[in-house]
Amino acid sequence: MTDLSCATQELESFDEALWPTTCPVAVLRLDGGSASACIDQVVEEVPVALVYNGISHAVLLATPADLEDLALGFSLSEGILESRSELYVSETVAGSKGIEVRMEIASSRFAALRERRRNLAGRTGCGLCGVESLDALARPVAAVSPQAAIPASAVVSGLAELPAWQRLRETTGAVHAAAWVSRDGHILALREDVGRHNALDKLLGHLAREQADLGAGFVLVSSRASYEMVQKVATVGIGSL
């Protein structure tokens, strides 16, 4: 495993308020046959290194918000951790080249991580970038416990509520979302990111921190149900995506 941490640059405590999630950009807005200059808001995307016990394992390109949720959700959905209790300490630090989320995890889980010897390079378009072999795609996922069916009306209701929760999408028009929805169709939590996998991991991390009842709702996402999205949700024990 290669150490990709920002050890050679100055690092300071990460303050989310100082890292904007959007950036103003001068654009030409087209309306029919005419174009006018204006300022638009574009979603930010920065490198985020996930560091376990001093060793960087993955570098994701992500929107700089809810990063400790992202780190915990990624750790659980990728099978690096089996439970929230195996994460002892989490600290986010920022530097000129990006952001690090430094985690101290159980020694048994770190040993298993080193054994896997995977060094991922996360990208917004592909959830499988960095996997070293085809065998790595088929990591075992435990069967999800039987859960009651989700009413179709709850899905319709959740979709209707989605736009009001997506503040970044309202500003930029280009952000994915993952929402936790109750069985009666009301959104209880939502996370946004330029990458759909990141948005989902942020939500899963939030649910783990809140010790949510994963049988009491379903995940609603703004993008397609790709292979890894299904795998992530099943890994943490959620029955409906």
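A strand here is a DSSP run of E residues, at least two long, and strands are numbered from the N terminus. Keep that in mind as you explore this predicted model.

**Stop one: the second largest pocket**

Start by selecting strand S10, residues 187-193. S10 gives the largest share of the lining of the second largest pocket, 3 residues. Helix H4, residues 167-172, also gives two or more residues to that lining. The space in this pocket comes to about 250 Å³. To find its centre, select Asp66, Arg167, Leu168, Leu190 and Glu192, which are the closest to it of the 13 lining residues.

Together they make an open sheet of 3 strands, in the order S10-S9-S11, with antiparallel pairing. Which strands lie at the edges? They are S10 and S11 (217-221), each of which pairs on one side only. Look along the sheet and you can follow its twist, which averages 15° from one strand to the next.

Now zoom in on S9, residues 176-182, which is joined to S10 by 6 bridges. For one place to look, select tryptophan 180: standing opposite it in S10 is alanine 189.

**Stop three: a hairpin**

Next, select residues 22-31 for strand S2 and residues 34-43 for strand S3. These two pair in the antiparallel sense, over 10 bridges. Pick valine 27 and look across to S3, where its bridge partner is cysteine 38. Then move to the turn: S2 and S3 form a hairpin with 2 residues between them. Glycine 32 sits in that turn and has a positive phi of about 65°.

**Stop four: helix H1 and its partners**

Two packed helices are described by the angle between their axes and the distance between the axes. Select helix H1, residues 67-77, together with H6. Their axes come within 8 Å and cross at roughly 85°. Angles of 65 to 115 degrees count as roughly perpendicular, so H1 is roughly perpendicular to H6. Show side chains at the contact: Phe74, Leu76 and Ser77 in H1 meet Lys232, Thr235 and Val236 in H6. By class, this contact has 3 nonpolar, 2 polar and 1 charged residues.

How do H1 and H5 pack? Their axes are 6 Å apart, at an angle of about 90°. H1 and H5 are therefore roughly perpendicular to each other. On the H1 side, the contact residues include Leu70, Phe74 and Leu76, while those of H5 include Leu204, His206 and Ala208. The contact of H1 with H5 has 6 nonpolar, 5 polar and 5 charged residues.

**Last stop: the largest pocket**

Finish with the largest pocket, which has a volume of about 420 Å³. Of its 19 lining residues, select the closest to its centre: Leu76, Leu81, Glu82, Thr235 and Val236.

Which helices each supply at least two residues of the lining? Select H5 (196-209) and H6 (227-236) to see them. H5 provides the largest share, 3 residues. The lining as a whole divides into 11 nonpolar, 4 polar and 4 charged residues.

Notes. Residues are numbered from 1 along each chain as its sequence is written. This is a predicted model: local features need pLDDT of at least 70, side-chain atom pairs count only at pLDDT 80 or more; totals for chains, interfaces and linings use all residues. Side-chain values use heavy atoms; hydrogens and water are left out. On a 1 Å grid over the protein atoms alone, a cavity is a set of points where a 1.4 Å probe fits but cannot get out, and a pocket is an open set with protein on both sides within 12 Å along at least five of seven lines; lining residues have an atom within 4 Å of a point. Grid points are joined across faces, edges and corners, and a volume is the space filled by probe spheres set on the points. Helices (H or I, at least four residues) and strands (E, at least two) are DSSP runs, numbered from the N terminus. Ala, Val, Leu, Ile, Met, Phe, Trp, Tyr, Cys and Pro count as nonpolar, Asp, Glu, Lys and Arg as charged, and the others, Gly among them, as polar. Two strands pair if DSSP finds at least two bridges between them. Axes are lines fitted to C-alpha atoms, for helices over the stretch in contact, and angles run from 0 to 180 degrees between N-to-C directions. Angles under 35 degrees count as roughly parallel, over 145 as roughly antiparallel, 65 to 115 as roughly perpendicular and the rest as oblique. Contact means heavy atoms within 4.5 Å.
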